[in-house]
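Hi,

Here is the structure I said I would pass on.

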Amino acid sequence: MRCFESGLLDGFRLRVAEKQLGVYGIHLYKEGYAPLQFRFRSDDRTHLFSGSKAFTSVAVGIAIGEGRISMADAVLSFFPEFAGEAAQGAEKITVRDLLQMRAGHGGMLYTTHEQSQYTGGDWAKRFLSMPAVHPAGTRFLYDNGCSYMLSRVLEKATGETLKEYLVPRLFDPLGIPNPQWHTCPDGHTLGATGLFLSTEEFSRLGRLLLFQGEWEGKELVPADYIRQAAEDTVTVEGFGDPENQAGYGYQLWGCTCGNAYRADGKFGQYSVVFPQQRAVVTITAHNEGVANDILRAIYDEVIPRLPDC
């Protein structure tokens, strides 16, 4: 296995320092090369925030491969106990709509302990009772509730929480022991947020995506699902930064750099897949300014310096 030239990350490190980008660490993987990592602080497990959503999407792909759910399944069909209180149009929301943030609502269902206004009742009931502003499947609205509902659908379909379901199917094969993933007050995995991993552990997700769901010669996620997750994108609304206007797939963001795409979490948690370069760049950070400046630093200071590209 080849090694990168020394100093490959020097430009990125300088940009981080000059622009005070708040990066904790960068992990670089390129097929055929030994991984390269630089730390600005120890590689502790960090809250991935919405980077958690990509793991929820992978769980959906695994469950589809096992025949437990399908993209066209109506979400309400998993919750007959809430049918009488569901809003008009809720019966039209599908699993695919949740993946693409197109439930038709006019606002977000907050799904963290700190933010939620709905700690007094079942969050799935609240989601399904939210009035529709647009027909399901027609308009994008970034909504943590969609990701949370994917977690709940998987739990209904499998009899296990999202985390329990993924431990033997994803985390154990990737060599990620005992991951911490927060739950709602009723004990359901948040799905939208709440997963804590180190930079290097997070990078394994990017590598799994790069290799179309295969890990060390074994298919963990159907390749067709991984392709669709990156390519079946919808138009994004409600964001001004170009990096948030390049399309949204199945809990994955498109990028302005070629055909790259990424898992993306608040404050700069990124695992960016570069299929053309056969590379993955993973970042954990705490940037309360313009976190997407970290992505631009990757495009400017890392990708052009990769060998054979």
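Let me start with strand β9, which is mostly covered, with 5 of its 5 residues buried. Buried here means under 20% relative accessible area, while exposed means over 50% and partly exposed is in between (1.4 Å probe, protein chains only). Helices (H or I, at least four residues) and strands (E, at least two) are DSSP runs, numbered from the N terminus.

Before I go on, a word on what you are looking at. This is a predicted model, in which local features need pLDDT of at least 70 and side-chain atom pairs count only at pLDDT 80 or more, while totals for chains, interfaces and linings use all residues. Residues are numbered from 1 along each chain as its sequence is written, and side-chain values use heavy atoms, with hydrogens and water left out.

Back to β9. Which way do its residues point? Tyr261, Ala263 and Gly265 point one way, Arg262 and Asp264 point the other way, and all are buried.

The strand has partners too, where two strands count as paired if DSSP finds at least two bridges between them. Strand β8 (residues 253-254) pairs with β9 in the antiparallel sense over 2 bridges, and Gly254 has Tyr261 as its bridge partner in β9. The hairpin of β8 and β9 has 6 residues between the strands, and Gly258 takes a positive phi near 60° there.

Moving on to β10, 5 bridges join β9 (residues 261-265) to this strand, and the two run antiparallel. Tyr261 turns up again here, with Val273 as its bridge partner in β10, while Gly265 stands opposite Gln269. The hairpin that β9 and β10 form has 3 residues between them, and Phe267 in the turn has a positive phi of about 70°.

Strand β10 (residues 269-274) is itself mostly covered, as 6 of its 6 residues are buried. Gln269, Ser271 and Val273 point one way from the strand, and Tyr270, Val272 and Phe274 point the other way. Next comes strand β11 (residues 279-285), which pairs with β10 in the antiparallel sense over 5 bridges. In that pairing, Tyr270 stands opposite Ile283. The hairpin of β10 and β11 has 4 residues between the strands, and Arg278 takes a positive phi near 55°.

There is also an open sheet of 3 strands, with the order β3-β5-β4 and antiparallel pairing. Its edge strands are β3 (46-47) and β4 (180-181), each of which pairs on one side only. β4 pairs with strand β5 (residues 195-197) over 2 bridges, and Gln180 stands opposite Phe196 in β5.

Now for a helix. α2 (residues 52-65) has 14 residues and reaches 21 Å from its first C-alpha to its last, close to the 20 Å expected at 1.5 Å a residue; that expected span is 1.5 Å times one less than the number of residues. Why call α2 largely enclosed by the rest of the structure? Because 12 of its 14 residues are buried. Among them are Phe55, Val58, Val60 and Ile62. Just after the helix, Gly67 takes a positive phi of about 75°.

What about the cores? A nonpolar core is a set of buried Ala, Val, Leu, Ile, Met, Phe, Trp, Tyr and Cys residues joined through side-chain atoms within 4.5 Å. The largest has 69 residues, of which Phe55, Phe79, Phe127, Met149, Leu166 and Tyr225 touch the most other members. The largest share of this core, 7 residues, comes from α2. A second, separate core has 29 residues, including Val16, Cys255, Ile294 and Leu295.

Phe127 is worth a click. Leaving out residues up to four places away in sequence, Phe127 touches Ile93, Leu98, Ala103, His105, Leu109, Asp143, Gly145, Cys146 and Met149. Contact means heavy atoms within 4.5 Å.

Finally, the whole chain. The secondary structure comes to 9 helices and 11 strands. The radius of gyration is 19 Å, close to the 19 Å that the globule rule gives for 309 residues, so the chain is as compact as a globular protein of that length. (The radius is taken over C-alpha atoms, and the rule is 2.2 Å times the number of residues to the power 0.38.) Buried residues make up 56% of the 309 residues.

Cheers
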